[in-house]
Amino acid sequence: MRGDQLVQVMVYIPEKVTPEQRKTFESLREQANITADENDKSHIFSRLKHIFE
């Protein structure tokens, strides 16, 4: 597929979590495929930089 893609991401952060939910979130954070690569972060921001200039 070629062309631009418009993506809308909505993130909901719960105000309160149960101990079981917290344990689940913490176990997900430890998974290798969940961590973000610092190079990916900088690449995304460099691509969006022109919007804020």
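I began with Thr 24, which is partly exposed at a relative accessible area of 41%. The model I am reading is predicted. I then placed Thr 24 in the secondary structure and found this residue in helix H1.

Next I looked up the side chain of Thr 24. One of its polar atoms lies 3.0 Å from the backbone oxygen of Glu 20. I log the pair as a polar contact, because the cut-off is within 3.5 Å.

I moved on to Val 7. Where is Val 7 found relative to helix H1? I located Val 7 in the segment before that helix, which spans 19-29. Is Val 7 buried or exposed? I read a relative accessible area of 60% for Val 7, so this residue is exposed. The call follows because exposed means over 50%.

I checked for a nonpolar surface patch and found one of about 470 Å². Val 7, Val 9, Val 11 and Ile 13 make this patch.

Last, I turned to the whole chain. I count two helices and zero strands in its secondary structure. What share of the 53 residues is buried? I get 0% for the protein chain.

Definitions and conventions: Residues numbered from 1 in each chain as written. Predicted model: local features only at pLDDT ≥ 70, side-chain atom pairs only at ≥ 80, totals over all residues. Heavy atoms only, no water. Helix = DSSP H or I, 4+ residues; strand = E, 2+ residues; numbered from the N terminus. Buried < 20%, exposed > 50% of the residue type's maximum accessible area, 1.4 Å probe, protein only. Patch = residues over 30% accessible without salt bridge, like charges linked within 9 Å, V, L, I, M, F, W, Y side chains within 5 Å. Areas by Shrake-Rupley, 256 points an atom, 1.4 Å probe, with all protein chains shown as cover. Salt bridge = Lys/Arg side-chain N within 4 Å of Asp/Glu carboxyl O. Polar contact = N/O pair within 3.5 Å; in protein donor to acceptor, adjacent residues only side chain to side chain.
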